[in-house]
2 protein chains.
Amino acid sequence: MILGIIGLGLMGGSFAISCKQNYNFTKIVGIDHNTKHAQTALKLNLVDEIIEFNELHKCDVIVISVPICAIICILKDLSKMNLKKNVTIIDFGSTKEEIIKKCPENIRKNFVPSHPMAGTEYSGPEAALPNLFENKVMVVCNIEDSGKYQVNLALDIYKKIKMNIKIMDAHEHDRHAAFISHMPHIVSYSLTNSVLKQEDKNHIVTLAAGGFRSMARLAKSNPAMWKDIFESNEQNLLDAIEAFEKELKKAKNLIKEKEYDKLYEWMEKGNKLHEIL
Amino acid sequence: MILGIIGLGLMGGSFAISCKQNYNFTKIVGIDHNTKHAQTALKLNLVDEIIEFNELHKCDVIVISVPICAIICILKDLSKMNLKKNVTIIDFGSTKEEIIKKCPENIRKNFVPSHPMAGTEYSGPEAALPNLFENKVMVVCNIEDSGKYQVNLALDIYKKIKMNIKIMDAHEHDRHAAFISHMPHIVSYSLTNSVLKQEDKNHIVTLAAGGFRSMARLAKSNPAMWKDIFESNEQNLLDAIEAFEKELKKAKNLIKEKEYDKLYEWMEKGNKLHEIL
């Protein structure tokens with residue numbers, strides 16, 4: 001079986017390494033519209049060969065690991081190609097509902113919408129890591145509309161690369177992802193922007209220790225990728241931001257009113273998340 | 001020289017280890033109002049001996065590493081004791097202005113107000129780490145009111161345990177600390193509380209990956225300690241929260257108005273902090 005990966009960055013590259021180490025593909029081929037990235041991926045031995053888009057008909061499994069808008073375009077392109085009849089098409093988009101809705105009908109059975117809950121703030125093939133996916137959750141959505149063969153194959157790959165599989169409705173996934181990932185990115189960008197607005201920002205950051213760094217880390221993420229994610233999960237993201245804003249406002253008011261015992265209780269409540277995290 | 005440490009938790013304990021490894025104290029003694037912590041600190045060999053408060057007159061250097069309210073009380077108690085004439089008293093409080101203001105006049109020359117910009121979300125003597133202070137910033141405030149001998153001794157210790165020293169005005173320190181540490185803690189608690197308010201919170205956290213965990217980490221911190229910090233830095237904290245809120249609101253409005261190109265620019269700006277961080 002030949003695996004083709006479209007998008008040889010952090011996620012696509014890491015998936016390639018995991019598959020090389022744990023799955024029996026006869027060949028792993030790759031495509032990247034950034035020719036430098038493609039060459040780097042080849043040099044780093046992430047893939048065995050760089051191919052053209054019109055050579056994807058050779059592949060048994062196609063993984064699309066690019067920003068959401070591009071995933072939607074590529075699905076449309078793939079639907080017009082003469083692919084293998086049983087080809088399994090996987091995407092790694094961070095939101096699922098819009099992508100699934102826009103997947104052309106004639107390849108919907110081939111398509112297994114997936115979202116690996118893994119990542120770092122870095123991007124590009126050099127950022128690929130051998131263990132990025134290990135012991136992480138792979139969410140797989142709306143499998144009732146995918147072919148049995150394709151679902152089984154995708155799940156088999158995910159298991160072999162040591163991922164924990166969660167089957168989920170796309171709508172529910174997008175709501176959860178807004179809370180667990182998308183809103184926290186907005187929060188992190190808000191934090192860095194608020195410090196940058198201060199006149200003495202250079203002086204302020206000389207005091208930054210581990211706590212601040214971990215809060216600011218997500219704001220290192222690629223704005224182009226995240227713009228797409230935010231756009232395709234707008235309402236859930238707004239709901240999550242509003243839920244967060246409500247808590248922040250509560251804390252602010254307790255501080256303003258010097259209600260420090262109530263603030264203590266509020267912090268104790270917040271502590272409890274770690275019991276289920 | 002004998003070093004006495006009041007409060008044998010994460011900070012006091014880690015300072016003890018650093019001094020054992022890098023500074024020539026003849027003995028390190030400790031006090032903790034929690035007798036379990038005191039015994040653990042002894043067992044872990046953080047200190048050579050547990051002493052009573054009224055034995056502090058033996059010490060050449062006294063480090064106070066307890067919550068802010070307790071620091072203020074202890075300074076008052078120390079001012080009434082018959083300590084060594086040249087004793088150097090150091091506190092590790094996370095805010096400095098209130099503590100300095102409340103330091104009794106008769107020990108002000110002995111006092112070197114300090115704030116190690118280091119820590120983890122854990123507490124207690126078991127949380128103490130050998131390298132917690134290494135290469136971290138030690139802020140030392142308002143040294144013009146401290147004795148020369150005491151400042152030199154304190155700075156010598158900090159240098160020997162490999163810290164980077166920043167001399168700073170207490171008012172400026174507290175403003176910076178609000179941005180770099182105190183407000184981010186409120187943000188982290190707001191994040192965990194907003195998730196906990198969701199009906200399907202257990203389901204939501206199954207998707208949590210590294211990004212969320214790093215944002216939620218600060219909300220593991222000890223509410224009792226942080227309540228004190230927030231209370232003693234009220235106005236700066238409120239200012240920092242408001243600066244953050246403004247950025248969050250800007251992002252929310254850009255999303256609501258589908259101004260994704262402007263959101264992209266805003267994210268790119270936020271990215272830039274990492275150039276100076």
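This note goes through the predicted model of chains A and B, point by point.

1. Basis. Residue numbers start at 1 in each chain, following the sequence as written, and chain letters start from A and ligand numbers from 1 in order of writing. The model is predicted, with local features needing pLDDT of at least 70 and side-chain atom pairs counting only at pLDDT 80 or more, while totals for chains, interfaces and linings use all residues.

2. Domains of chain A. Chain A is assigned domain 1 (2-168) and domain 2 (172-276); such bounds come from an automatic or database domain assignment. The centres of the two domains of chain A, taken over C-alpha atoms, are 30 Å apart. Between them, 14 residues of domain 1 of chain A are in contact with 16 residues of domain 2 of chain A, contact being defined as C-beta atoms, placed from the backbone, within 7 Å.

3. The domain 1 side of that contact. In chain A, α3 (68-79), α4 (97-102) and β7 (137-141) each give at least two residues to the side of domain 1 that touches domain 2. Helices (H or I, at least four residues) and strands (E, at least two) are DSSP runs, numbered from the N terminus. The residues on this side of domain 1 of chain A are six nonpolar, four polar and four charged. Here Ala, Val, Leu, Ile, Met, Phe, Trp, Tyr, Cys and Pro count as nonpolar, Asp, Glu, Lys and Arg as charged, and the others, Gly among them, as polar.

4. Chain A against chain B. The contact between the chains involves 77 residues from chain B and 77 residues from chain A. On the chain B side, the elements with at least two residues each are β7 (137-141), α6 (170-196), α7 (201-205), α8 (210-216), α9 (223-232), α10 (234-256), α11 (260-271) and α12 (273-276). α6(B) contributes the largest share of that side, 17 residues. By class, the side of chain B that touches chain A holds 43 nonpolar, 17 polar and 17 charged residues.

5. Symmetry. Chain B superposes on chain A by a rotation of 180 degrees with 0.0 Å of shift along the axis, at RMSD 0.0 Å. This relation is that of a two-fold axis. The superposition is by least squares on the C-alpha atoms of residues with pLDDT of at least 70 in both copies. Both copies use the same surface, since 99% of the contact residues of chain B recur in chain A.

6. The sheet of chain B. Eight strands of chain B make an open sheet with mixed pairing, in the order β3-β2-β1-β4-β5-β6-β7-β8; strands pair if DSSP finds at least two bridges between them. β1 (residues 2-6) and β2 (residues 27-31) of chain B run parallel and are joined by five bridges, with B:Ile5 opposite B:Gly30. β4(B) runs parallel to β5 (residues 88-91) of chain B over four bridges, and B:Val61 has B:Thr88 of β5(B) as its bridge partner. Of the five residues of β1(B), four are buried; buried means 20 or more other C-beta atoms within 10 Å of a residue's own, the C-beta atoms being placed from the backbone.

7. B:Ser65. This residue sits in the loop between β4 (61-64) and α3 (68-79) of chain B. B:Ser65 is buried because 25 other C-beta atoms lie within 10 Å. Apart from neighbours within four places in sequence, the contacts of B:Ser65 include B:Ile5, B:Gly9, B:Phe15 and B:Phe92. B:Leu10 is 55 residues from B:Ser65 along the chain, and their C-alpha atoms are 9.0 Å apart.

8. β5 (residues 88-91) and β6 (residues 111-117) of chain A run parallel, joined by three bridges, and A:Asp91 has A:Pro113 as its bridge partner in β6(A). β6(A) and β7(A) are antiparallel over four bridges, with A:Met117 opposite A:Val137. β7(A) and β8(A) are parallel over five bridges, with A:Val140 opposite A:Ile167. In β7(A), four of the five residues are buried.

9. Helix α6 on the sheet. α6 (residues 170-196) of chain A lies across β6, β7 and β8 of chain A, at about 140 degrees to β7(A). Axes are lines fitted to C-alpha atoms, for helices over the stretch in contact, and angles run from 0 to 180 degrees between N-to-C directions.

Key:
Contact = placed C-beta atoms within 7 Å. Buried ≥ 20, exposed ≤ 12 C-beta atoms within 10 Å, placed from the backbone.
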